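Welcome! Please take a moment with the sequence and the model below, and then we can walk through the ligand site and some charged pairs together.

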Amino acid sequence: MADPILTSDPAIRVSDLSLAYPAHAGGRAFHAVEGVGFEIARGEVLALLGESGSGKSTLTRFLAGRARDAGEKSARIKATGGDASVLGVSLRRLGRRSYTKLTAYVGFLAQDSGATLPPEKNVGDILLEPIVERSRNFDREQLGERIAEMMDIVALPLSKLQSYPYELSKGQRQRVAVMRSLILDPPVLLADEPTLGVDANNRPRIVELLRWYRERSAATMVLISHDIGMLEALVQEVLVLQEGRLIGQGDINEIFRQADHGYVQRLAQALRATAYDEIADE
Ligand SMILES: Nc1ncnc2c1ncn2[C@@H]1O[C@H](COP(=O)(O)OP(=O)(O)OP(=O)(O)O)[C@@H](O)[C@H]1O
């Protein structure tokens with residue numbers, strides 16, 4: 001059983017990876033990702049782009065080691081070809097003990113995490129949950145300071161620590177979910193649409209939190225996001241997926257300038273129409 005190696009470089013290595021959902025209701029297995037390969041250097045921040053259904057969430061959940069996390073069997077992801085490793089741990093056959101070890105170092109923000117916070121816990125307990133699950137001995141004072149700093153960055157008053165998810169707005173719940181994904185100080189973070197459902201005024205606060213985290217931890221990050229503010233503030237390299245295949249990869253400016261693929265061109269145009277010019281013209 002391999003233990004995670006925190007100094008692994010590249011931190012994430014994917015080779016010829018294919019992923020499928022199991023056959024159900026008499027149908028066939030669905031191949032969501034096919035023959036994808038890339039590496040992410042230690043400390044790099046990469047964005048995964050692509051239209052809806054292109055395989056971004058599937059790939060990200062697999063890389064986070066959470067392929068089998070979904071309760072229903074039909075939502076479990078199976079590697080049908082190739083392999084991927086994160087912090088030197090192969091994900092192809094991740095046993096229970098390796099899973100427990102790896103997920104302590106790999107933060108994961110699933111899509112729409114704000115909507116699935118445990119309803120019976122208050123925000124304080126929700127934030128502490130990942131730590132309490134793993135250890136009873138932690139420095140409460142130090143952790144309290146870190147939580148207070150994060151709450152300040154995302155503009156949530158400390159009084160909200162006593163609130164339950166139903167008492168928060170959708171955007172506030174999402175901010176809590178993003179904070180929770182950082183609570184174990186993960187050297188690798190995979191985040192699926194961190195600003196989804198958050199209003200325009202508060203989106204920059206999530207970007208700021210991730211930037212703060214990156215500055216203090218030099219974490220390797222994979223972000224699924226088409227949020228221009230997020231891309232501009234954090235991302236160097238992008239991967240573009242279409243129908244489960246990798247169709248573009250490179251520096252964010254280069255890829256949109258040289259795009260010879262119809263989809264990448266349309267995506268670049270859509271981003272430029274917002275504020276992408278600010279990056280492209282630098
Ligand atoms: N449990 C499942 N069973 C079968 N197919 C699935 C399952 N979950 C997702 N898929 C399919 O896998 C493909 C990739 O889905 P995925 O959610 O990874 O795409 P995505 O790029 O993240 O899309 P979005 O941007 O809408 O989240 C889609 O065609 C989707 O319908």
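A residue is near a molecule or strand if one of its heavy atoms lies within 4 Å of it. In that sense, 15 residues surround the ligand, and S52, G53, K56, S57 and T58 are the closest. What you see is a predicted model, in which local features need pLDDT of at least 70, side-chain atom pairs count only at pLDDT 80 or more, and totals for chains, interfaces and linings use all residues. Residues are numbered from 1 along each chain as its sequence is written, and side-chain values use heavy atoms, with hydrogens and water left out.

**Around the ligand**

| Residue | Atom facing a ligand oxygen | Distance |
|---|---|---|
| G53 | polar backbone atom | 2.8 Å |
| K56 | polar side-chain atom | 2.9 Å |
| T58 | side-chain N or O atom | 2.5 Å |

Taken alone, the ligand exposes 640 Å², and the protein buries 69% of that (Shrake-Rupley method, 1.4 Å probe). Two elements give two or more residues to the shell, β2 (30–40) and α1 (56–63); helices (H or I, at least four residues) and strands (E, at least two) are DSSP runs, numbered from the N terminus. The most comes from α1, with three residues. By class, the shell has four nonpolar, nine polar and two charged residues. Here Ala, Val, Leu, Ile, Met, Phe, Trp, Tyr, Cys and Pro count as nonpolar, Asp, Glu, Lys and Arg as charged, and the others, Gly among them, as polar.

**Charged pairs**

Side chains of opposite charge can pair when their charged atoms come close. A salt bridge is a side-chain nitrogen of Lys or Arg within 4 Å of a carboxyl oxygen of Asp or Glu, and the count comes to eight.

One of them joins E34 and R245 (3.5 Å, N to O). This pair links distant parts of the chain, with E34 in strand β2 and R245 in strand β10 (residues 245–251), 211 residues apart. E34 is partly exposed at 28% relative accessible area, and R245 is partly exposed at 45%; buried means under 20%, exposed over 50%, and partly exposed in between (1.4 Å probe, protein chains only).

Another salt bridge joins R180 and E129 (2.8 Å, N to O). R180 lies in helix α5 (residues 170–181) and E129 in helix α3 (residues 123–132), 51 residues apart. Both R180 and E129 are buried, and together with K121 they form a network of salt bridges.

How values were computed. Polar contact = N/O pair within 3.5 Å; in protein donor to acceptor, adjacent residues only side chain to side chain.
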